[in-house]
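Load the model in your viewer and keep the selection panel open. This tour goes stop by stop.

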Amino acid sequence: MQVYTVVPQQSLRHAGPGAQAAESAGYDGLMTMENAHDPFMPLAVAAVNTERITLMTAIAIAFPRSPMVVANAAWDLHEASQGRFVLGIGPQVKGHNERRFSVPWSAPAPRLREYVEALRAIWHTWMTGDKLDYRGEHYQFTLMTPRFTPEPTGLPMVPVTISAVGPAMLRLSGRVCDGVQLHPFCTRQYIDEVCLPRIEQGLGQSDRPRQHFNVIGGGFVATGPDEETVARSMNEVRQRLGFYGSTRAYWPVLSLHGLDDLGEKLNRMAREGQWEAMTAEVSDDVVRLFAAVGTHEHIAKEIDTRFRGVVDTLYTGLLPSGDSGLPPDLIQDIQRLPTAFERYATF
């Protein structure tokens, strides 16, 4: 199993030292998120300050950006890291697209399929010099002149993963992508009964074998060196679950466990601005549905139970405030867990 953590994003001055520390500790990869900060810039700093570790956006929000803009950023990050960059993109929900980014909304799965196809068409043109000619319903790219064509890198094409919660996006990930980033608002049962069957359906429509498809995330890890730290970590997970659980798009996960009333209550509290009070509505039992929980001494076993056989890459970035990460020997214990994913295919 691969183990990823996060690049410090609060300041670009912290990105380089943070990336170097993660690489020295033995992490397999570094992720950025698009919350309060840009997801690409910290990875540029990390790319030129590391040698081995994989760099991934988890995720960059797609629709506010043209595929051409994202293609350029990914191309440069891939070159700077010498082939260590993985592009993770996602649609976000309708309200954020329309009201936070002021971009029109449409059915996300067909649009994101074209987005991935367009990226690969652009990169193919840059790699080969062939004419750019991508024509879809949402995106059309037919102009590329030498002045605007970046230099060939000699590297394999950038792997593309997408975030997915619902059935259509899960099938799309297997059909056209190199991996899927499961939302952390995800339980083992939801992965077993909803996610993996849809991913397999998508893979059945492509020529990509499962060993070249990376299943990333799908829950939280709440851990620390002692019970007090584990309790703090659980509370940070609890806060995230309260926030995510208030969003209707994520309610199918709650419904699977008979927790529809919790989603309705959290949604009502969010509309009333009761953000802090929402956390108290998430019980320890609910936290344990979504997270592997335990001290450093026991967490590898809990991760084995919670994620083994369904997840290839584990995201352990949500640690108690001030925690510097997992001990190197614990990272190695987790890395010994077997997975189906072997490597991204070379296009």
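Begin with the largest cavity, which has a volume of about 50 Å³. This is a predicted model: local features need pLDDT of at least 70, side-chain atom pairs count only at pLDDT 80 or more, and totals for chains, interfaces and linings use all residues. Residues are numbered from 1 along each chain as its sequence is written, and side-chain values use heavy atoms, with hydrogens and water left out.

**Stop 1: the cavities**

Select Trp75, His78, Glu79, Met127, Thr153, Leu155, Pro156, Met157 and Val158; they line the largest cavity. On a 1 Å grid over the protein atoms alone, a cavity is a set of points where a 1.4 Å probe fits but cannot get out, and lining residues have an atom within 4 Å of a point. Grid points are joined across faces, edges and corners, and a volume is the space filled by probe spheres set on the points.

Colour helix H3 (residues 67–80): the largest share of this lining, 3 residues, comes from there. Helices (H or I, at least four residues) and strands (E, at least two) are DSSP runs, numbered from the N terminus. By class, the lining has 6 nonpolar, 2 polar and 1 charged residues. Here Ala, Val, Leu, Ile, Met, Phe, Trp, Tyr, Cys and Pro count as nonpolar, Asp, Glu, Lys and Arg as charged, and the others, Gly among them, as polar.

How many cavities of 30 Å³ or more are there? The count is 2. H8, H10 and helix H12 (284–290) each supply at least two lining residues, and H8 gives the most, with 3. This lining has 8 nonpolar, 2 polar and no charged residues.

**Stop 2: the largest pocket**

Now select Gln92, Val93, His183, Tyr244 and Tyr250. Of the 47 residues lining the largest pocket, these lie nearest its centre. A pocket is an open set of grid points with protein on both sides within 12 Å along at least five of seven lines. The space here is about 1,600 Å³.

Which helix gives the most to the lining of the largest pocket? H4 does, with 5 residues. Elements that each supply at least two residues include H4 (94–100), strand E8 (160–164), helix H6 (167–176) and helix H8 (227–245). The lining divides into 26 nonpolar, 14 polar and 7 charged residues.

**Stop 3: salt bridges**

Show the charged side chains. A salt bridge is a side-chain nitrogen of Lys or Arg within 4 Å of a carboxyl oxygen of Asp or Glu. There are 12 by this rule.

Pick aspartate 312 and arginine 210: their closest N and O atoms are 2.9 Å apart. The pair links distant parts of the chain, 102 residues apart. Aspartate 312 is in the loop between helix H13 (299–307) and strand E13 (313–315), and arginine 210 is in the loop between H7 and E10. Both are buried; buried means under 20% relative accessible area, exposed over 50%, partly exposed in between (1.4 Å probe, protein chains only).

Next, aspartate 178 and arginine 208 form a salt bridge at 3.5 Å, N to O. Aspartate 178 lies in the loop between H6 and E9 and arginine 208 in the loop between helix H7 (188–204) and E10, so the pair ties together parts 30 residues apart in sequence. Aspartate 178 and arginine 208 are both buried.

Move to aspartate 133 and arginine 135, which meet at 2.7 Å, N to O. Aspartate 133 is partly exposed, at 44% relative accessibility. Arginine 135 is exposed, at 62%. Then select Glu34, Asp38 and Arg65, which are linked in a network of salt bridges.

**Stop 4: cysteines**

The structure holds 0 disulfides; a disulfide is a pair of cysteine sulfur atoms within 2.5 Å. Cysteine 177 is buried, at 0% relative accessibility.

**Stop 5: strand E1**

Finish at strand E1 (residues 2–6). E1 runs parallel to E13, joined by 3 bridges; two strands pair if DSSP finds at least two bridges between them. Valine 3 has leucine 314 as its bridge partner in E13. E1 also pairs in the parallel sense with strand E2 (residues 29–32), over 3 bridges. There, valine 6 partners methionine 31.
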